Structure formats: structure tokens, C-alpha cells
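Thanks for passing this one along. Here are my notes, in the order I would read them with the model open.

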4 protein chains.
Amino acid sequence: LHGAAAAGARGTAALKKARLITAIKTPYLPNGKFDLESYDAMVENQITNGVEGLIVGGTTGEGQLMSWDEHVMLIAHTVNQFGRQIKVIGNTGSNSTREALHATEQGFAVGMDAALQINPYYGKTSMAGLREHFKAVIAEGPAIIYNVPSRTGQDIQDDVIMSIASHENFVGVKECTGNPRIDHYHSSGVVCWSGNDDEAHVGRHQHHAQGVISVTSNIIPGLFANLMQQRDDDMAASLHDLIAWLFCEPNPIPLNTALAMCGLVKPIFRLPYVPLSREQREHGAVLLRQVQEHIPGCKEVRVMEDDEFKLIYSSSY
Amino acid sequence: LHGAAAAGARGTAALKKARLITAIKTPYLPNGKFDLESYDAMVENQITNGVEGLIVGGTTGEGQLMSWDEHVMLIAHTVNQFGRQIKVIGNTGSNSTREALHATEQGFAVGMDAALQINPYYGKTSMAGLREHFKAVIAEGPAIIYNVPSRTGQDIQDDVIMSIASHENFVGVKECTGNPRIDHYHSSGVVCWSGNDDEAHVGRHQHHAQGVISVTSNIIPGLFANLMQQRDDDMAASLHDLIAWLFCEPNPIPLNTALAMCGLVKPIFRLPYVPLSREQREHGAVLLRQVQEHIPGCKEVRVMEDDEFKLIYSSSY
Amino acid sequence: LHGAAAAGARGTAALKKARLITAIKTPYLPNGKFDLESYDAMVENQITNGVEGLIVGGTTGEGQLMSWDEHVMLIAHTVNQFGRQIKVIGNTGSNSTREALHATEQGFAVGMDAALQINPYYGKTSMAGLREHFKAVIAEGPAIIYNVPSRTGQDIQDDVIMSIASHENFVGVKECTGNPRIDHYHSSGVVCWSGNDDEAHVGRHQHHAQGVISVTSNIIPGLFANLMQQRDDDMAASLHDLIAWLFCEPNPIPLNTALAMCGLVKPIFRLPYVPLSREQREHGAVLLRQVQEHIPGCKEVRVMEDDEFKLIYSSSY
Amino acid sequence: LHGAAAAGARGTAALKKARLITAIKTPYLPNGKFDLESYDAMVENQITNGVEGLIVGGTTGEGQLMSWDEHVMLIAHTVNQFGRQIKVIGNTGSNSTREALHATEQGFAVGMDAALQINPYYGKTSMAGLREHFKAVIAEGPAIIYNVPSRTGQDIQDDVIMSIASHENFVGVKECTGNPRIDHYHSSGVVCWSGNDDEAHVGRHQHHAQGVISVTSNIIPGLFANLMQQRDDDMAASLHDLIAWLFCEPNPIPLNTALAMCGLVKPIFRLPYVPLSREQREHGAVLLRQVQEHIPGCKEVRVMEDDEFKLIYSSSY
């Protein structure tokens with residue numbers, strides 16, 4: 001077996017068992033390029049603290065702001081540096097089937113374990129078109145399907161999922177529409193990860209979610225790993241306000257701000273993302289300090305000034 | 001004045017008077033590339049029948065399925081062939097500010113009159129991020145802002161629009177959230193085009209819409225030009241079923257199918273779009289035949305067979 | 001006739017009569033992007049002073065340092081702004097047949113009159129490969145073949161030229177191997193432009209060159225137009241030293257330096273080009289001042305300081 | 001140490017000891033994309049037979065016919081699959097400094113051990129420009145400089161090499177201008193690999209060449225490894241005709257044809273490369289059969305028919 005096919009055989013079974021997958025943040029240098037040094041340090045902390053997989057260039061990782069060559073490079077870098085320690089899932093989906101096929105093929109060529117495949121957001125298509133799209137991309141290698149209607153403007157209906165669920169490359173669903181649906185999919189044999197950090201603990205222990213694909217675990221990987229391994233209602237409750245704050249603006253705005261305030265990434269934002277307001281930052285600092293000992297690598301949580309953040313608009317040519 | 005600035009001075013005033021702008025379809029060759037011959041014939045029919053502007057590579061024109069070099073090439077081609085007869089508005093917006101700036105700059109360099117600027121769909125951002133994004137892109141040249149929450153997953157709030165409405169490059173809004181909002185914007189001096197064909201006649205004559213940015217006018221440009229020039233309730237009512245059919249699946253699926261059935265474009269679909277079902281096509285054929293004399297260049301409306309349509313998945317390498 | 005075919009019918013006959021074609025310089029802004037304002041001013045001066053055609057993005061115009069989307073954008077911009085006054089020849093050749101076909105197709109789609117087609121430099125190929133390459137690219141539209149072994153490492157042999165000379169899209173040859181060969185091609189009915197400014201006057205009046213594709217005409221278009229229209233040995237002799245200086249380092253290094261010293265472009269160099277040395281600049285200033293009245297738009301020739309030049313290494317991301 | 005810097009520390013010393021580096025061929029599928037299955041089989045045979053390093057996407061590997069994302073993907077794939085067994089040198093040089101910097105940075109991000117850096121072919125530059133170019137690219141990580149005036153049209157003069165020879169990232173030179181120059185560089189402490197297979201044995205054993213960067217070793221890796229390890233004049237002489245045939249047309253035309261005739265790659269050519277003529281193939285078959293037992297994986301040498309070869313002109317869109 002070669003390439004995608006081999007990855008399929010290896011990857012599907014193992015990946016289905018993962019409890020905690022992080023949609024990893026992409027940090028930047030002041031020139032707007034990737035800060036691979038900070039990235040590698042973050043990934044090492046993820047591995048050490050029990051994270052089993054990474055979504056590279058997800059919406060959290062701002063794949064939508066990368067050129068495809070940057071995106072595939074980051075997948076390849078991650079595979080090369082960490083592929084023997086953690087599952088690497090490249091967000092190589094697209095609203096253009098052509099682009100999704102190209103990126104997915106390249107992602108598997110550089111060794112990713114699976115692809116995250118989104119339905120065609122913005123442009124949208126018919127359910128017949130959705131089936132055709134997913135049928136095409138899943139043929140490239142193992143795939144997690146990503147359903148997030150609040151971003152895409154379109155729900156992936158159950159029968160679309162079921163039309164590909166028996167494919168050998170089908171891994172499962174990152175489902176953001178709530179735990180009842182995860183329960184429902186589970187009864188049909190479909191593995192689901194919750195895409196909502198605030199529902200993930202309940203989803204995992206009461207609604208048959210396999211685990212979570214998490215944003216919050218960028219910050220507190222160990223706590224989230226524990227929550228996914230065993231039920232801990234008090235711990236879950238104690239994180240409620242932090243999680244709420246992490247979604248007070250569209251993700252990854254609060255996450256990016258938080259990681260900068262924790263000193264884990266440089267305070268660089270690629271537009272259209274901008275940092276949280278001073279007031280929001282002050283509120284977040286209180287919440288982050290409450291869990292500071294669980295934030296790997298964080299020596300201090302600092303409310304930063306507006307002029308410490310740098311916005312990146314464009315490449316110079 | 002040079003480039004974008006000159007275009008700004010010329011373009012803003014004239015463009016604000018346009019009643020009918022078509023979100024023009026992009027036709028394809030069997031190899032998946034643009035069919036410029038069919039495109040030029042369609043544009044000539046648009047001009048002859050009273051259309052005053054074109055959105056090139058809009059969601060209808062499948063800009064989301066183009067590479068940027070294809071997209072800018074199509075804008076340049078349109079300017080070069082038809083720029084002295086019709087306003088050319090390039091859909092050079094993007095959910096990536098960097099990409100939007102690059103494409104918009106290129107679009108103005110090749111002579112487009114204005115840009116259509118979308119808010120960052122899918123990735124989304126905060127209202128502060130939206131203001132920053134629009135402030136950046138509108139500096140490049142005249143812009144129509146495009147608000148379509150059903151695609152983007154996020155409404156552009158009024159105060160975001162008002163934060164840029166006084167910019168010299170601000171032209172107006174393509175608004176898809178309904179006529180009351182158009183009325184409201186009008187009271188603040190903001191020009192709006194309806195983005196909903198089914199509401200456009202009422203919007204134009206009863207809610208102060210300047211006109212429409214239309215999908216249907218790809219097929220019946222003359223009728224839509226009449227409806228925008230003067231009120232005709234009977235005519236508007238008679239088109240109700242056709243318009244409803246054109247949106248029975250996400251646009252441009254029905255439009256693409258219709259234009260193929262009318263013999264105006266080759267029956268080629270770039271994935272994730274696929275043709276309407278046979279049953280839907282039969283229904284559409286009845287409706288299209290009722291207005292066939294108003295479809296420029298259409299000699300016959302034919303329900304096609306499934307195997308006459310060709311789906312394009314990807315470039316070969 | 002459509003697109004390339006129509007361009008072919010129009011363009012071939014007219015273009016074959018051109019005496020003076022300028023390989024136009026591409027000026028840059030401090031951010032490394034094109035300085036279209038300076039470019040447009042230069043082109044206007046070209047037109048006013050008798051230049052009949054432009055090579056856009058030639059080796060002189062640094063097409064080799066452009067991304068293809070920049071390159072096609074510059075062709076489109078030139079067509080849109082000046083296409084009714086001057087012939088626009090896009091240097092859309094490449095050592096990759098795929099890239100040449102793609103760029104050439106795009107160039108014709110945006111209205112260029114002809115393509116400049118180079119043989120595959122660096123990678124090189126067999127004579128059979130050359131014939132296949134040229135057969136493919138010439139099918140896209142009118143083409144001038146460019147033979148410059150000192151750059152490409154490979155001469156285009158006569159029989160390769162003759163294998164395509166009867167194609168309806170064949171315009172002629174930009175020949176850099178000397179006037180005897182131009183004479184020889186002329187006897188076979190092949191139109192040639194000299195690619196060597198120092199030989200062009202003799203070539204035009206004594207060796208049947210149709211004219212010249214010139215670097216020097218960026219600076220003194222009117223004088224070169226005169227030299228191509230009628231024999232003037234004194235004038236030609238008087239320019240000898242200036243032309244020699246313009247090739248004292250690989251073109252366009254001296255040209256770029258000269259135009260900056262004349263105040264016609266900003267002193268920005270994209271690497272690997274760097275300005276001439278201070279000593280070379282001082283020598284050039286003397287020569288340029290001798291013809292200053294013939295340099296359109298030049299108010300002063302100034303020997304600049306090293307630190308006035310800015311080098312562009314890369315885009316920021 | 002991180003990324004390029006770490007690679008620098010590790011890679012430079014080890015790489016300088018390599019005797020045999022293969023400029024590996026890139027095989028294609030009938031759709032024009034990379035045939036990674038054939039590629040991996042070839043690389044495994046290289047490793048088994050004593051090859052210590054690979055140039056990925058060199059002129060032999062047709063980097064000049066790749067898009068950069070394909071090129072970096074192939075480097076990443078090679079690192080991921082074989083990086084623990086063989087040195088991976090990406091040909092990330094370019095005649096555009098910007099492109100060279102971008103590709104080189106990406107190559108190191110995905111784990112390559114070193115870059116092959118060419119001087120700016122075709123566009124060329126001054127010696128001052130060369131120094132500036134090499135100074136920029138060598139800062140990215142370990143580099144072998146490639147001097148091949150017959151392709152680039154410009155020799156890299158000794159003092160340009162010496163200007164970067166003391167840089168910590170300087171590895172050595174792939175020198176194609178002959179053994180005397182290799183001897184000369186050796187006396188200055190500069191490591192050289194011969195770039196000419198026909199001179200490599202003499203160069204290695206009589207002129208202080210460190211070894212060879214070879215084309216022929218794609219076919220007979222074990223024999224070339226032996227020749228680089230110890231002097232064997234009879235063996236070297238016996239390969240004379242085969243090596244001469246491998247350069248009877250510009251490389252990699254004969255190599256591509258040979259590997260297809262040996263059944264090791266599919267008979268697919270990306271233009272502008274075309275197969276050798278029938279007569280040339282027949283001659284080659286005789287020579288290849290003489291060493292067939294040393295061609296790993298070759299079960300039969302077959303003179304193929306013209307119509308068995310497929311030429312790839314372009315992507316479909």
C-alpha cells in the first residue's frame with residue numbers, strides 16, 4: 001500500500017480512538033510569516049500534556065488566511081517534526097472542490113494522517129453537490145468531516161454523512177450543532193468529536209462523543225485531556241467562564257489574544273483578525289490567571305497595551 | 001489622478017445611478033477553463049438589453065472556484081472588451097484581507113470601475129475586525145459592500161457600514177437581508193441594491209432600492225431592465241415562479257442549468273456545483289419557455305439528459 | 001473570429017511593419033510592487049516619440065522576477081491604458097511549456113497583440129523538443145520568437161524557425177546572434193528585429209532587419225525612432241558610447257540605474273539586480289547628459305549616492 | 001537551535017563527506033502529476049545501492065517544470081519518507097532572489113538538509129548582484145552552489161564563491177566547468193562535487209573532487225558508488241559510451257527515455273522534453289543491456305514505440 005492508501009489503513013483505526021485533538025493556533029513573526037519556533041514549542045507542550053492529534057491550519061489555525069503553499073508547508077513541517085508522536089490532521093478542505101482535491105493530495109503526499117473536510121461554505125451547493133464533493137475528496141485519504149453551519153451557512157444533512165460513512169477513509173465528524181445530534185450519529189455507528197468546547201465534557205460523558213476537537217486546549221491541554229479521559233463535573237464547571245470568554249468574539253480572536261498575553265506567541269494578527277479590546281483583555285487576564293499553572297510555558301499573564309499588537313495587512317508584493 | 005484614484009472620481013457618481021447590474025455567469029469549456037466566446041456573447045446581450053453593470057466573478061459567477069489569476073484575467077478581459085459600454089465591478093473581496101487587497105489592487109490596475117467587497121465569510125471576525133478590513137480594502141478604490149448573512153454566517157451591522165459610508169470610495173451596499181433595511185439605509189443616504197431578485201421590484205419602487213444586482217437578469221435582462229425602470233406589478237408577478245425556481249437550490253446551480261438548457265453555455269459544471277435533477281429541469285423548462293422570446297440568443301429550451309452534463313473536478317496537474 | 005484568432009488576423013500584418021519596439025522597463029515602488037504611475041508616464045513618452053510597440057515583462061522589464069499574476073496584470077494594464085495607441089507584446093514565454101501556454105492564453109484573453117516566445121532556457125531541450133514547444137505556444141496567437149543564446153545557453157537553429165515560419169501566427173524573430181543571420185532569415189522571408197542596440201542601425205539599413213527591439217529606446221525613444229526610419233551614420237556613431245555603457249553589466253542593470261539617475265523611476269531594484277557602482281554611474285551621467293534633451297521627462301541627470309538605492313529581496317509573506 | 005540553524009549545524013559537516021549524490025529523476029503519472037510510487041521505489045534503490053544524498057527537483061528532476069508548491073511538496077515527501085536514511089538537498093534556487101528565498105525557507109521548514117543554489121540564469125546579473133543574491137539565500141541554511149554556465153549563460157567567478165565560502169552555511173560547489181577548477185577550489189579549502197558524470201571518476205581520484213552529483217547514478221547507483229569509493233579505471237572506461245549516450249541530448253531527455261525503457265518509470269514527458277528518437281533509443285538499449293544487472297529493479301530493457309510515450313503540455317485549467 002502506498003501514500004494515501006497506506007495512511008488510510010494505518011490511520012483510520014488509531015485516529016478514531018483519539019479523545020483530545022487540538023485545533024492548533026498558528027503563530028506569526030512580525031513580518032507576517034509563520035513563527036515556527038513558537039509553533040514547535042506549543043506543539044511540544046501539547047504532546048507532553050496528553051493531546052493526541054492536531055488540526056493544522058483549521059479555522060482556529062487560520063488556514064483561511066494562508067496561501068496553499070504555506071498551508072501544506074505547515075502540515076509537512078508538523079509531520080516531519082512531530083509525526084511520530086501525534087496525529088496530524090490537515091485542514092485541506094475548501095469550498096472549491098478543485099482546491100480541496102489539490103491540497104488534500106499534497107497533504108497526504110507529505111505524510112498527514114487525515115484531512116479535515118469542510119462542506120463548501122459561502123458558495124454552498126445542493127445536497128447532490130455535497131455528496132459529489134465529499135465522494136471526491138474522501139477518495140484521497142482518511143477524512144474527518146466538519147459540520148459548522150454557523151460558519152458555512154449550510155448544515156450537512158444526516159443523509160449526506162451516511163452516504164459516505166461506509167467509505168474506508170471515513171473517520172468521523174467534527175460536529176458543532178450540539179450533543180443530541182452526536183448521540184444520534186453514534187447510534188448509527190458514526191464517530192463524532194464535539195466542535196464546541198462548552199459542550200464537550202457533557203458530550204463526551206453523556207452523549208457518546210468520542211472526544212473534542214478543541215480550541216481551549218491550546219491553552220490548557222492537560223486539563224482538557226483529563227476532562228476527556230474521565231468525568232469531572234467540578235472541573236468542567238470551573239472552566240465555564242474561561243471558555244465563554246474564549247468565544248466572546250469569533251474564534252480565534254480571543255485565543256490569539258490570550259496566547260499573546262500568556263507570552264506564548266508574539267502579538268501579531270493577520271487581518272481580518274484584530275485583538276480583543278482592552279476591557280476584554282482585562283477580563284480575560286483574570287480568568288487566565290486562575291488556570292495559569294496549567295498553561296504550559298506561561299510565566300506571566302499580562303494585559304497588554306493596544307500598541308503592542310501588530311496587524312498584518314498584506315505581503316509587500 | 002491615477003489608477004484607483006481616477007477610477008474613484010469617475011466611477012462612484014456614475015455607478016450610483018445604475019438600476020440593473022447583473023452578477024454574470026462564468027461559462028466553461030469542456031477542459032474546465034473559461035469559455036470566453038460564450039461569455040462575450042452573453043455580455044453583448046446584456047449590454048443590448050439595458051444592463052448597466054456587471055459583477056465579474058461574483059458568487060453567481062463562481063469567483064470562489066477561480067484561482068486569483070483566472071479571476072483578475074476575467075476582469076481584465078471584460079474591461080478590455082466591454083469597459084467602454086458597461087460598468088465592470090470585480091468581486092475582488094475575500095475572507096482574507098491580504099487576498100482582498102491583492103486582488104482589488106490588481107483589479108483596479110486592469111481597469112475595473114469598482115470592487116464588490118464581502119465581509120470575511122467562514123473565518124468571520126469581530127465588528128472591530130470588520131471595520132479594519134473594510135477600511136483597508138476601500139482605500140484601494142470604489143467599493144460596493146456585499147451583505148449576505150445566509151452565505152457568510154455573519155451580518156454586517158449598520159454601524160460598520162456607517163463607519164465607511166462617508167469614504168470617497170464608498171458606492172453603496174448590495175443588501176440581501178430585505179427591503180426594510182434598504183429603506184433604513186436610504187434614510188441615512190446609503191445607496192442600496194437589492195440582492196434578492198424576488199424582492200427587487202418591490203424594493204426598487206416601494207423601498208428606495210436604487211436597483212438590483214441580479215441573477216435572473218442573466219436570462220431575461222430586458223424584462224429586468226424594464227422592471228427596474230418603471231413599476232409593472234403584473235410583469236413582476238408573472239416572473240414569480242421563474243425566480244423561485246432559480247433559487248430552488250443554492251445559486252448558481254439553477255442558473256447554470258437554465259443557461260445550458262437554453263443553449264447559451266456549454267453544460268459544464270465546476271464542482272461542487274452539479275446540475276438540477278431531471279425533475280427540476282423539466283419544471284424549469286416549462287417556466288423558461290414562457291419567457292423564451294425575452295431570452296437573448298435562445299433558440300430552444302431543451303430538457304437535457306444527465307449524461308450531457310460534464311463535471312469538472314480538478315486540473316490535471 | 002474570437003480572442004487569439006481575431007488578434008492573429010489583426011495583429012500579424014500590422015506588427016510586422018513596426019520599426020521600433022521597446023523592451024519597456026518595469027519601475028517599482030518602495031514596497032517592491034509595480035509603480036504604475038511612473039510606468040504610464042514612461043509609456044506615454046514612448047508613444048509620443050514614435051515607438052510602435054512594447055515588450056511587456058521582457059528580460060529588460062524583468063518578467064523573470066514577476067509572479068505570473070503580476071505579469072499578466074501588467075499586460076492587461078498596458079492594453080487597457082494604451083492598447084489603442086501602441087502594439088502590446090507580452091513576454092509570456094517560459095522554459096516550462098505549461099507555464100508558457102498558460103501565460104500566453106491569459107495574455108491573449110486580456111488583449112495583447114502578440115507574445116514573445118523564448119526557447120526553454122536553463123532546462124533546455126532537444127531540437128525535436130524545441131519544435132514541439134514552439135508548435136504548442138504559437139497555436140495560442142501571434143508570436144515573435146526570441147533567440148538570445150547568451151542568456152538561454154542554446155541557439156534556436158534555423159530549421160526550428162523554418163518549421164514554424166509558415167504558421168499564420170508567426171510574426172518574426174527577435175534575433176541577437178548578429179546581422180548576417182538576420183540577412184539570411186530575410187532571404188527566407190522571415191522578418192527579424194535586431195536584439196542588439198549596437199548593431200541595430202547597421203542591421204536595419206544594411207542587413208534587412210525590419211527594425212529593433214530596443215533597450216536604449218527606454219531612454220531616447222525619439223532618436224532611436226529616427227535611426228530606424230532613416231539612415232544616419234553620424235547619429236548612430238554618436239550613440240556608440242552610451243549604448244556600450246548600457247551593456248557594461250547585464251541588462252537591465254545599467255538601464256535601471258540610468259532611469260533612476262534621470263529621475264524617471266524610483267531607485268528601487270528587485271534582486272538579483274543591484275545598481276551600477278558609483279564609478280560606473282559617474283561615467284554614465286556624462287553620457288546621459290550629452291543626450292539629455294532627447295530623454296523625455298528628464299529634468300536633471302544626477303549621480304546618486306549608494307544609500308539612495310533600495311534593494312527588494314522578498315515579499316514579507 | 002531551530003529549523004534552518006539546526007539543520008545547518010547537523011548538516012554541513014555530514015554532507016561534506018558524501019561521495020555520491022544523485023540528481024534524482026521525477027517520474028510522472030499519465031495525468032502529468034508526480035508518480036510518487038515510482039519515485040519512492042527509485043529512492044529505495046538509491047539508498048540500498050550506496051547513494052548518500054539526493055538533489056530533489058534539480059534540472060535533472062525538472063524543478064524548472066514544477067510549480068513551487070509541487071516542488072516543496074516533493075522535498076517534504078522525500079524528507080518524510082527517507083530523511084532518516086539519506087541527505088535531502090532541495091533545488092530551491094531560482095533566477096529570482098525572491099523566489100529562491102521563499103522556496104528555500106519553505107524547504108528548510110519541511111526538513112531538507114541543504115539547498116542547491118544556482119546563480120540567476122537567463123536574467124543574469126552583475127558580480128555584485130551575484131554576491132548579494134548568494135549572501136541572501138545562504139542565510140537561510142546550508143547551501144551547495146551550482147555552477148553550470150552552459151545552462152545559465154554565466155560563470156560564477158571564483159571570487160564570488162570565495163566571498164561566501166567562509167559562511168557557516170556554505171557546504172561546497174557543484175562545479176561543471178571541469179576538473180582543473182575543482183583542483184583549484186580544493187586548494188582553497190572549497191569542497192566540490194563534479195557535475196559531469198564523464199569526468200567524475202578522474203575528478204574524484206586525481207583532482208580532489210569530493211565526489212559527484214550524478215545523473216547516471218539514477219540508473220546504475222551501485223556502480224557509481226563504487227567508482228566514487230575507489231579508483232577503478234577499467235570500470236570507468238566501460239561506462240564511457242553509456243554516459244556519452246546519456247548526454248547525447250540535453251539532460252534529462254536521455255535519462256527519462258532510459259528509465260522508461262527499463263520499466264522504472266512511466267513513459268510520460270512534461271514538455272519541452274520529448275523522448276529520444278527511435279534510432280537513439282535503439283542505440284541506448286544496447287548500452288543499457290550491457291549493465292542491466294546493475295540497474296536496480298530493471299527486469300527488461302525494451303526499445304519502445306513512439307506512440308507509447310505520452311507528452312504533457314499543460315494542466316487542464
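1. A word on conventions. This is a predicted model, in which local features need pLDDT of at least 70 and side-chain atom pairs count only at pLDDT 80 or more, while totals for chains, interfaces and linings use all residues. Residues are numbered from 1 along each chain as its sequence is written, chains are lettered from A and ligands numbered from 1 in the order in which they are written, and side-chain values use heavy atoms, with hydrogens and water left out.

2. Chains B and A. Chain B brings 43 residues to the contact and chain A brings 44 residues, where contact means heavy atoms within 4.5 Å. About 3,500 Å² is buried between the two chains, 58% of it on carbon and sulfur atoms. Buried area here is the accessible area (1.4 Å probe) that two parts lose on being put together, summed over both.

3. The chain B side, element by element. Helices α4 (97-109), α5 (127-138) and α6 (149-152) of chain B each supply at least two residues of the side that touches chain A. Of the elements, α5(B) gives the most, with 5 residues. Helices (H or I, at least four residues) and strands (E, at least two) are DSSP runs, numbered from the N terminus. By class, this side of chain B has 18 nonpolar, 18 polar and 7 charged residues.

4. Chains D and C. This contact takes 44 residues from chain D and 44 residues from chain C. The area buried between chain D and chain C is about 3,500 Å², with 58% from carbon and sulfur atoms. In chain D, the residues that lose the most area to chain C are Arg98(D), Tyr122(D) and Tyr313(D), together 22% of what that side buries. Between chain D and chain C the rule finds 0 salt bridges and 18 residue pairs in polar contact (both at pLDDT 80 or more). On the chain D side, α4 (97-109), α5 (127-138) and α6 (149-152) are the elements that give two or more residues, and α5(D) gives the most, with 5 residues. The residues of this side divide into 18 nonpolar, 19 polar and 7 charged.

5. Aromatic pairs. Over all chains, a search of the whole structure finds 14 aromatic pairs. Tyr122(A) and Tyr121(B) count as stacked because their ring centres are 3.9 Å apart and their planes are at 0°. This pair crosses between chains, and each partner sits in the loop between β4 (114-118) and α5 of its own chain. Rings of Phe, Tyr and Trp (its six-membered ring) pair if their centres lie within 6.5 Å; planes under 30 degrees apart count as stacked, over 60 as edge-to-face and the rest as tilted. Both Tyr122(A) and Tyr121(B) are buried, that is, under 20% relative accessible area, with exposed over 50% and partly exposed in between (1.4 Å probe, protein chains only). One aromatic cluster is formed by Tyr121(A), Tyr122(A), Tyr121(B) and Tyr122(B).

6. Helix α13 of chain A. How many residues of α13 (residues 253-261) are buried? The helix is mostly covered, with 9 of its 9 residues buried; among them are Ile253(A), Leu255(A), Asn256(A) and Met261(A). The buried residues of α13(A) pack against α2 (36-48), α12 (240-246), β9 (268-270) and α14 (278-290) of chain A. After the helix comes Gly263(A), with a positive phi near 75°.

7. Asn147 in chain D. Strand β5 (residues 143-147) of chain D contains Asn147(D). Is Asn147(D) buried or exposed? Asn147(D) counts as buried because its relative accessibility is 1%. The side chains of Asn147(D) and Glu175(D) are joined by a polar contact of 3.0 Å. Not counting residues up to four places away in sequence, Asn147(D) touches several others, including Gln154(D), Asp155(D), Lys174(D), Cys176(D) and Arg181(D).

Notes: Nonpolar A, V, L, I, M, F, W, Y, C, P; charged D, E, K, R; others polar. Polar contact = N/O pair within 3.5 Å; in protein donor to acceptor, adjacent residues only side chain to side chain. Salt bridge = Lys/Arg side-chain N within 4 Å of Asp/Glu carboxyl O.
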